[in-house]
Amino acid sequence: MQATAGIHSIINAGQTARFGDLAVVCFHCGTPGGTRSTGHDTANTLDEKWFCCAGCRTVFELLSEHGLNRFYALTERNGQPVGVAAGADRYTFLDSPEVRARFVHYSDDTSTRVTFRVPALHCVACVWLLENLFRLKPGIGPSTVAFVRKEVTVGFDPRVIRLAEVATLLESLGYPPDLNLADLERPSNPISRRLWLQVAVAGFAFGNTMLFSLPAYFGLGSRLDTFSGPEFKAMFGWLSLALSIPVVVFSAADYWRSCLFSLRQRRMSIEVPIAAGIAALWLQSAWEVGFGRGAGYFDSLAGLLFFLLCGRIFQQKTFDRISFDRDYRSFFPLSVLRMTAYGEERVAIDRLGIGERIRIRNGELIPADATLITDAAMIDYSFVTGESEPVPRAAGDRLYAGGRQVGGTIELAITKPVSQSHLISLWDRDAFRKPKGDAFDTLTHRYSRRFTWIILGIALAAAAFWAVRAPEKAVKSFTSVLIVACPCALALAAPFTLGTGQRVLGRQGIFLRNSGVIETLARINTVVFDKTGTLTLPKAGEMVFQGEPLDSRERRAIHEIARQSTHPLSRRLAALLQGDTDTRFAGGFVAGFREHPGCGIEGTSDGVAVRIGSRAWLAASGIELTPGGDGTGSLWIALDGRFRGGFVLTSPLRPEVEDLVRNLGRSRRVELLSGDNERERERFAAVFGGTGHLQFHQSPADKLNHIRRLQAEGHRVMMVGDGLNDAGALQQGDVGVAVIEEAGAFSPASDVIIEASRLPQLAALLSFSISAVRVVRLSFVVSTLYNVAGLAIAASGNLAPVVCAILMPLSSASVVAVACGATHWCGRRSFRAGSGRIFATSDNPIPAKTTPREGKPT
Amino acid sequence: MNVILILIPVSLVFAGSFLAAFIWSVRTGQFEDTDTPAMRILAEEDRPTTAAPLCDNETGIDHEH
């Protein structure tokens, strides 16, 4: 172990601080490990530095050995806890060609580039370490970190090192790659390079053409003879014409395309008048320059496109860390342990065949429908069905994909390939095929439909009028009307308002798929909630004792017996009693402990004969039961042969849920769709004010159909859910809102992703959306006023380029100012409670006091 | 005033070179990740081979990301 002088100085600085409080923390990850006075595990001590585990120590040694000690200078005790190193075979499946092909995005004989998602990435030191991977192992080339996306792209030499070894190296450093399938097909960069280039070209042309136009605008021509010579005028005109060609051809390309598309569909959209305006501007200007009749409006043309394209960029706000299009594959592991005649091996799940045997460990997801081979299993289907309690299953039972094993390792035989599993068949439904929303059915398009016909009417009327009075003015007045009426400001109103709205919401922990969702949100009149994980906390809840009170000796005895069992419910009970049992007396003698699978446990501790189990089992053992309660998740207790009551599972409601439901209920229909049983019907009836809108035992397909039925009745539905079981309903709802525990966590495909701590803001979200749509309408009014003023001039046939050059940017700028300003103001008003806590984390939930205004749509 | 005949092309070439620089930067992906380079610069080593004594400032980097 070589440590250089520099490293010692850092380490010493760190230790003086620690000697003060005598606390020992892991030098690598900062995990506390007791104090020096009370003693601590000294097995992992090295040079006065203590490590919490062999993994952390190994990382330290590895880094020191390769001169990467700077990691500890960049971040003090802030590394990733490593724990026990995973088996070397964990990533071997990555080397099979078909899996490999999914990760690797470039490969030739001597170099390969691969991108991994690394959720543990969190600070400067991580970036530095991951970009210095090449120093740790031969064969690794340059690596690049994308911090916000939490990705690392590693180059390596496939002749020297295998892909699996690269993944293992990352894991051994405490940065296990997240290999879920759906992340592999990432969408390309949201704001495309093409759009940036279009803006650049338009901006370039805009600035330069403006310069060429200034002499004409300021009348320099008439005063400075030499400067104003016709040759200059002509030169400026031709230069502007030249600059305008790339603008019209390249920057405006999308407008031509959209305009053609709308015409072919015979539907009016905002692009039609824009394209007409651009065409009129260019043709009129080219004619003026070509025949020496004037300077044209090239500056207005380039400016118009520049502003329009800036609006597009602004509108295309996306959130890097959040994916709105996850499907089932992102929830499943990439690989699973398959049992073969030669032992275990890791295989990619889509290579699993019918009849093959797999092994699932505690906490792992079942990847495909299968039959249980092991004697017993506890499967937590909460994610798939919304049931909050794990259910027991016995050998031979059918297990469905998406369940999670709780407890020991189990073996399964696959009965269906992954792609045909029960759960996954839900994704083949229509709800997942049809794109949501109609591109033509937006506020802007509805408004522009009327607008466009009016403009065309005015243009034709002006042309007809002048054709009679002064024919030479007819064409000019016609084009002038189209030019002035070009709805630049109109086209900017919605992008800037909704784009600003999307940003305001993003700061509140509410993320929208795109800014258009706000328009749909504003029209929502029915809100449907899922229960488990949405209204209640996701960790299936607390146990509450109901029955004859227990004294501390009895509680201790129950704790001792429960401790003996590995059954998840026993473990939960033991954990519950741990807290209020005096641990000094723990570890008492337990006699006659027996476990009856599927029934319960019994034993004697401290002279108390304890039986814990199902009611049926207690009754069968000859114990007289007192009536009340059933609940599969409850543990019933008999002490010394006498029934005492039970520990009943309850899922605590999220804070503020009652206020939220009441607020939403004032003006909207609010419903509950739960996959769980009716155990808590009364509790929710109290929250929802009656049982009329509560539905239990809903399968994922039931939920989807219920939403569809509501829509058929004319409701516009917002579905709020969290799990795979809600995925269909989220997709079918006009707006699907997925609740996540922390930013970047998995969520089913949806339109809105909201951090769980922000759920109370849901009512504010809806009222904010309504205000935002109002702001869009207000901006339309502003833009129309400009158009009326401009049209008055244009119809008279006297539109001077300078008027055009002032009017257009002015109208655009004022619409943008109104849109952004008013939206921010609305955001502040709607989210007054949440403001100032913008950076609150999920473990510091917001005690959001809802202001009285939030509930009402304002 | 004939100098304008030289100045105009010069200014166009000048502005055009900025446009070209921008196009180049977009094409090489410099607009795709604007966060990591800002962090990378903090971690850069002055002299890669020698471990220089480090002052407290360097450990005071914001870890809360």
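A residue is called buried when its relative accessible area is under 20%, exposed when it is over 50%, and partly exposed in between (1.4 Å probe, protein chains only). By that rule A:Ser262 is buried, with a relative accessible area of 1%. The structure is a predicted model, in which local features need pLDDT of at least 70, side-chain atom pairs count only at pLDDT 80 or more, and totals for chains, interfaces and linings use all residues. Residues are numbered from 1 along each chain as its sequence is written, chains are lettered from A and ligands numbered from 1 in the order in which they are written, and side-chain values use heavy atoms, with hydrogens and water left out.

Helices (H or I, at least four residues) and strands (E, at least two) are DSSP runs, numbered from the N terminus. Chain A holds 28 helices and 30 strands, and 53% of its 858 residues count as buried. Contact here means heavy atoms within 4.5 Å. Among chain A contacts between residues at least 6 apart in sequence, 68% join residues at least 24 apart. Chain B has 3 helices and 0 strands, running α-α-α from the N terminus on. Of the 65 residues in chain B, 23% are buried.

Next comes a helix pair that spans the two chains. Two packed helices are described by the angle between their axes and the distance between the axes. Axes are lines fitted to C-alpha atoms, for helices over the stretch in contact, and angles run from 0 to 180 degrees between N-to-C directions. Helix α7 (residues 193–217) of chain A and helix α1 (residues 4–27) of chain B have axes that come within 10 Å and cross at roughly 165°. This makes α7(A) roughly antiparallel to α1(B); angles under 35 degrees count as roughly parallel, over 145 as roughly antiparallel, 65 to 115 as roughly perpendicular and the rest as oblique. Their crossing is right-handed, a term used if the near helix is turned clockwise from the far one by less than a right angle, with anticlockwise giving left-handed. Residues of α7(A) in this contact include A:Trp196, A:Phe204 and A:Phe212, while those of α1(B) include B:Leu12, B:Leu19 and B:Phe22. By class, the contact has 13 nonpolar, 2 polar and 2 charged residues. Ala, Val, Leu, Ile, Met, Phe, Trp, Tyr, Cys and Pro count as nonpolar, Asp, Glu, Lys and Arg as charged, and the others, Gly among them, as polar.

Within chain A, helix α15 (residues 443–469) and helix α16 (residues 474–485) pack at an angle of about 160°, with their axes 7 Å apart. The two are therefore roughly antiparallel to each other, and their crossing is right-handed. Among the residues that meet are A:Phe451, A:Ile458 and A:Trp466 in α15(A) and A:Phe478, A:Val481 and A:Leu482 in α16(A). This contact divides into 14 nonpolar residues, 1 polar and no charged.

Some single residues complete the picture. A:Ser262 lies in helix α11 (residues 253–265) of chain A, and its C-alpha atom is separated by 7.4 Å from that of A:Val272, 10 residues apart along the chain. A:Thr409 sits in the loop between β16 (404–405) and β17 (410–414) of chain A and is partly exposed, at 42% relative accessibility. A:Thr409 and A:Arg361 are 48 residues apart in sequence, yet 4.2 Å apart in space, C-alpha to C-alpha.
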